[in-house]
Amino acid sequence: MLSRGDAAMHRLPIRCVSRRKPERENTSNLDATRGAAGFLLRLRPTRKTRMNYNWNWRIFWQESPNGVETYLDLLISGLQWTIFVAICSWIIALTIGSFIGVMRTTKSRFWNVFGQAYVELFRNIPLLVQMFLWYFVVPELLPSAIGTWIKQLPNSSAYTAILCLGLFTSARIAEQVRAGIQSLPSGQRMASLALGLTSRQSYRHILLPIAYRIMLPPLTSEFLNNFKNTSVTFAIGVMELMAQTRSMSEFSFQVFEALTAATILYLTVNLIVVMIARQLERKLAVPGFMTSH
Amino acid sequence: MFTDFDFNVIYRSLGYLFLDGMVFTLTLTVMSTISGVILGTLLTMMRIGRLPFLPAISACYVNFVRSLPLVLVIFWFYFLVPWIGQWVTGASRPVSVGPFLSAFITFTMFEAAYFAEIVRAGIQSIPKGQPAAGYALGLNYWQVMGHIVLPQAFRNVLPVLLTQTIVLFQDTTLVYVLSVTDFLGAADKVAHRDHRLVEMYIFVAIIYFAISYIASYSVKRLQSRIAIVR
């Protein structure tokens with residue numbers, strides 16, 4: 001438990017920066033000027049100061065150290081973990097966040113204070129520190145039997161990451177939900193109560209359905225934040241995209257290819273999410289409640 | 001539950017934690033905020049200006065950076081900065097830069113995208129009549145920007161800018177991935193040296209919570225004060 005998987009990664013940067021492969025200098029320079037990123041080379045001011053980084057875009061189809069998969073397979077499996085963690089934590093975040101957000105719009109003083117304390121707690125501690133708390137500290141504070149059981153779970157770091165990320169994002173969603181409900185005209189709540197709905201029914205059938213639609217744009221950006229935040233989970237050893245990118249650059253020394261691939265993958269998912277969100281917005285728009293697109 | 005805690009480890013390492021770690025964290029936060037706001041303002045002026053191509057370049061940069069995770073950007077710059085240094089200075093090998101400079105450049109470039117959006121919101125909150133009146137009085141572009149638009153824009157978005165600074169302060173923990181001795185990094189090193197992870201991480205969480213909470217509370221106070229004056 002205490003021997004974290006990133007001991008190796010601390011060594012990496014020093015090696016990668018100064019690494020040169022003289023025996024492949026000639027061919028790879030050709031590669032580089034042809035490749036998509038060859039523009040960096042063509043920018044060079046003089047012949048003397050050429051970039052002596054060896055571009056090798058074919059690295060993705062080469063076998064990775066595990067002997068079975070190519071580097072591309074590794075990155076794809078990382079992306080799958082990223083998406084898995086993002087979606088699971090999003091479900092937790094949306095559920096808890098909605099409850100906390102609703103709490104803060106009720107009249108009960110106790111639930112208001114509780115909701116506020118919850119939000120402040122999760123908002124004011126950096127995500128990485130929260131990760132460490134859940135991963136290293138919480139199992140120690142639990143009764144030792146449970147703590148050991150958690151540590152021995154397969155993929156325990158992924159479950160920890162999902163829980164941590166879910167709670168972290170839930171605090172932010174709670175604020176969105178609160179703002180969404182409070183932005184509704186107060187007549188909505190009054191009318192629903194006047195019609196004889198209970199408080200719970202008016203939230204369930206009147207307030208929340210409209211509030212969620214109003215919140216769709218901020219919720220989309222929270223989802224993207226959540227998706228980006230999954231990259232922090234590699235600090236506790238989840239083998240998601242960032243971790244696979246690191247291990248690829250560590251094993252193959254092709255740092256910039258790995259980073260480029262990761263960048264493209266993150267961008268692609270971002271773009272897809274934004275497009276889906278736009279479709280959703282158009283579908284769910286309530287006439288008169290939002291500026292139509 | 002707390003019986004086998006060793007709080008002594010915190011006392012022993014206080015000097016290291018705060019003088020090495022916290023000073024690094026705060027310096028990085030303050031310096032990247034200042035340069036990030038400056039760069040962000042320039043990006044915004046590019047974006048709302050009338051010059052060809054610049055608005056598109058600025059928009060692309062901002063959207064591109066905002067859709068990437070900070071950790072990835074940290075790695076990009078960590079590996080890229082030496083090569084850029086080599087290219088700029090014409091050295092024969094990649095220039096080795098310290099972790100602070102690398103982190104500083106990263107956070108400046110990354111947060112500039114976020115600050116740019118905030119500053120843009122501020123500038124858009126200024127009625128069009130204000131710069132128009134400035135031009136009518138014979139001021140030039142820089143005078144209108146410097147004396148009329150930007151001061152009001154910054155005042156309008158000051159609370160948001162400060163909130164983003166608190167986010168930046170929390171984000172600086174991510175330099176951990178470069179094994180830099182920021183506040184978290186220092187605590188982490190002590191924790192692993194003395195096998196006192198529980199105490200150290202809880203202590204770090206409390207300190208971060210206290211600073212962020214006090215800071216965001218002050219921002220709230222400031223916000224209401226500005227609102228009253230207006």
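This is a predicted model: local features need pLDDT of at least 70, side-chain atom pairs count only at pLDDT 80 or more; totals for chains, interfaces and linings use all residues.

Helix 11 of chain A, residues 241-252, packs against helix 12 of chain A at an angle of about 160 degrees, with the axes 8 Å apart; axes here are lines fitted to C-alpha atoms over the stretch in contact, and angles run from 0 to 180 degrees between N-to-C directions. Helices are DSSP runs of H or I with at least four residues, numbered from the N terminus.

Residues are numbered from 1 along each chain as its sequence is written, and chains are lettered from A and ligands numbered from 1 in the order in which they are written.

Among the residues that meet are A:L241, A:M242 and A:T245 from helix 11 of chain A, and A:V255, A:A258 and A:L259 from helix 12 of chain A, where contact requires C-beta atoms, placed from the backbone, within 7 Å.

Turning to the two chains, the contact takes 37 residues from chain A and 38 residues from chain B. On the chain A side, helix 1 (12-18), helix 6 (127-141) and helix 12 (255-284) each supply at least two residues.

Which residues does A:L128 contact, leaving aside its neighbours within four places in sequence? They are A:V232 and A:A235, together with B:T173, B:L174, B:Y176 and B:L184 of chain B.
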